[in-house]
Amino acid sequence: MSTLLSVTDAHVAYGKVEAVRSVSLEVGANEIVTIVGANGAGKTTLLSAIMGILPLKGRVAFAGQDLARLDIEDRVAMGLGLVPEHRELFVTMNVEDNLELGAFRIERSKAKASMERVYALFPRLKERRKQLAGTLSGGEQQMLAMGRALMGEPKLLMLDEPSLGLAPIIVADIFRIVTELRAAGVSVLLVEQNAQAALKIADHAYVMELGEFVLSGKASDIAANERVAASYLGFQHEGESVI
Amino acid sequence: MNTTIMLFLVQDGITNGAIYALLGLALVLVFAVTRVILIPQGEFVTYGALTYASLAAGQMPGTAKLALALGIGAFAFDLFVARKALHGRLVVRSFIANVVLPAIVLALTLSLAAQKPPVAVCIALSLVIVAMIGLYLYRIAFQPLAHTSVLVLLIASVGVHLALQGLGLLFFGAEGQRGPAVLSGAFTAGALRFTGQSITVYAITIAFIVALWLFFGLTLYGKALRATAVNRLGARLAGIRTTLSGQIAFLLASVIGALSGILIVPITTLYYDSGFLIGLKGFVAAIIGGLVSYPLTAVAALVVGIVEAFSSFYASNYKEVIVFMLLIPVLLLRSLAAPAVEEEKD
């Protein structure tokens, strides 16, 4: 399988505090990779640094090209998309304008077709296309944030806590759509606290603790790992205590 | 009070207010997109006005040379930033936009200035020259500071204002100038006399406001500018360059400034330092609009213009004081309405 994103020995620091230490990861084409871990493990920091929002020490390559000198907008143009934890929508603009701007770098003729694809994926957005983004419910805002990122035709979409604060039924919907994206040829790097749901749909998984990866492997193996099960999946194997 | 006098004052106030409205809108736009409080907005006004007046009088305006000098500076900045990865295409594009363009305009100005070109040519040249100055100033003074705090940007803004004012004295001298009217002639309606120039002011202000409204509401670039103002990180993640938004904002602001100058220089004598006070009145309107609301700014600008007209009639010594005092109740109200000021994050 060809590698789309490869991060080698990455360090990210806020001043003197290293929030991410010596992390390496790979995302292949047509693959869902998840990073699970507790709050404060450094997952969001890592995604932000891969996107170019925070400075990163180490090597990040996307589609074979070193990203070191490229800024956020260049990375977007290359096909790297990020749906950040706080969604960062244009709240005073309507749904359609938000989506249209997601395709800012795409040819106008293609943008129209992109929007139809996004509406097919999220019919709810089509119903609300003239509504201001700030007045949408949390779940709809998450859909809009994903839709806007998809409008840029990314090869790899990075999702930061897409399920945070959403009702279980909407979470299920969003995870279903993530698997549909893979089927449509978009790779996904998914950061989640909801490890159970994330491990279920992912191909490959990394477990992050205190800024480092402590485990990695096939998602199904990670889900079966006793330590992970105890720490993140909320159930215990017999005769074992929670760490 | 005499109704005729009142009507006159209101008419005068609306003419001035229209200009303040344009300037206020430009200030709101620039602040929303780049977080720069554009003190040099007034210099765009004087540069536009005096460049126009000089050209119409058959003199060579120094601003054309300044545009070329700033352009060369901007090109040097582009080269410096891209020094580690110089693309041929990037260099050529930057060279054309920053050096070739102002050089052509300078050559045109040099060849045309002596033969007193027609009004339309003077206007076009003045607008292009000031627009280029605005664009290059953004590249040199503000783009490198784009990530810093509002205070740092304000200090840079004051610096640019002082530099431009000094250069204005150098280019145009201490003498005031007047330019030819864009539209001569006049007609009377009842007690009121409308000059062609005041009609032009109304028409262009309204046309510009409508054009801006269409630009922001309908075009992709207009929406991108709004998006940058609403959420800078969101815009970057959508692939909208903040530098592009900043360039468009400064381009619009400098064109609006120069246009305002060209509109008022046939009515009022302008000096190299007149722009500051004119810009400040646009700023008063922008502050009343909270630096975010375009409609509120436009309405406030008309109020500022009318208050100014009345106070210059009844208490001309205090007219500036009265206009700027308008700010105090607004600021008081705003501070009461929003007791906790959130520190900016980015």
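Biologist: Across which strands of chain A does helix α7 lie?
Modeller: Keep in mind that this is a predicted model. Helix α7, residues 168–183 of chain A, runs at about 155 degrees to β8(A). The strands of chain A that α7 lies across are β3, β7 and β8.

Biologist: And which strands of chain A does helix α1 lie across?
Modeller: Helix α1 of chain A covers residues 43–51 and runs at about 145 degrees to β7(A), which is residues 156–160. The strands under α1 in chain A are β3, β6, β7, β8 and β9.

Biologist: In what order do the six strands of the open sheet in chain A come?
Modeller: The pairing in this sheet of chain A is mixed, and neighbouring strands are turned by 15 degrees against each other on average, direction ignored. Going across the open sheet, the order is β6-β7-β8-β3-β9-β10.

Biologist: Which strands of chain A stand at the edges of that sheet?
Modeller: An edge strand here has a single partner strand, so one side of it is left without a neighbour in the sheet.

Biologist: How many bridges join β3 to β8 in chain A?
Modeller: These two strands, residues 32–37 and 187–192 of chain A, run parallel. Within the pair, A:Ile35 stands opposite A:Val191 in β8(A). The number of bridges joining β3 to β8 is five.

Biologist: Do β1(A) and β2(A) pair in the parallel or the antiparallel sense?
Modeller: There are eight bridges between β1(A) and β2(A), and A:Val12 has A:Val20 in β2(A) as its bridge partner. The sense of that pairing is antiparallel.

Biologist: Which residue in the hairpin of β1(A) and β2(A) takes a positive phi?
Modeller: That hairpin has two residues between the strands. The positive phi is near 65 degrees, and the residue that takes it is A:Gly15.

Biologist: What is the bridge partner of A:Val7 in β4(A)?
Modeller: β1(A) also pairs with β4, residues 57–62 of chain A, in the antiparallel sense over five bridges. In β4(A), the partner of A:Val7 is A:Val60.

Biologist: How many Å separate the centres of domain 1 and domain 2 of chain A?
Modeller: Domain 1 of chain A takes in 1–78 + 203–234, and domain 2 is 83–188. Taken over C-alpha atoms, their centres are separated by 22 Å.

Biologist: Which element gives the largest share of the side of domain 1 of chain A that touches domain 2 of chain A?
Modeller: The contact involves 15 residues of domain 1 and 12 residues of domain 2 of chain A. On the domain 1 side, two or more residues come from each of β1, β2, α1 and α2 of chain A. By class, that side has 11 nonpolar, three polar and one charged residues. The largest share, four residues, comes from α1(A).

Biologist: Moving to the chain contact, what supplies the largest share of the side of chain B that touches chain A?
Modeller: Here 17 residues of chain B are in contact with 21 residues of chain A. In chain B, α8 (220–230) and α9 (232–237) each supply at least two residues to that side. By class, the chain B side has nine nonpolar, three polar and five charged residues. Its largest share, six residues, comes from α8(B).

Biologist: How is α3(A) set against α8(B), roughly perpendicular or roughly parallel?
Modeller: α3(A), residues 95–102, packs against α8(B) at an angle of about 100 degrees, with the axes 10 Å apart. A:Asp97, A:Glu100 and A:Leu101 meet B:Leu220, B:Lys223, B:Ala224 and B:Ala227. Since 65 to 115 degrees is the range that counts, α3(A) is to α8(B) roughly perpendicular.

Biologist: Within chain B, is the crossing of α5(B) and α10(B) left-handed or right-handed?
Modeller: α5 (119–142) and α10 (242–264) of chain B pack at about 140 degrees with their axes 8 Å apart, and are therefore oblique to each other. The contact residues, among them B:Leu127 of α5(B) and B:Phe250 of α10(B), divide into 16 nonpolar, six polar and no charged. The crossing of α5(B) and α10(B) is right-handed.

Biologist: Within how many Å do the axes of α11 and α12 of chain B come?
Modeller: α11 (274–288) and α12 (294–314) of chain B cross at roughly 135 degrees, and are therefore oblique to each other. The contact includes B:Val284 of α11(B) and B:Ala300 of α12(B). The axes of α11(B) and α12(B) come within 8 Å.

Methods
Residues numbered from 1 in each chain as written. Chains lettered and ligands numbered in written order. Predicted model: local features only at pLDDT ≥ 70, side-chain atom pairs only at ≥ 80, totals over all residues. Pairing = 2+ DSSP bridges. Axes fitted to C-alpha atoms, helices over the stretch in contact; angles between N-to-C directions. Contact = placed C-beta atoms within 7 Å. Nonpolar A, V, L, I, M, F, W, Y, C, P; charged D, E, K, R; others polar. Parallel < 35°, antiparallel > 145°, perpendicular 65-115°, else oblique. Left-handed = near helix turned anticlockwise from the far one by under 90°. Domains from an automatic or database assignment.
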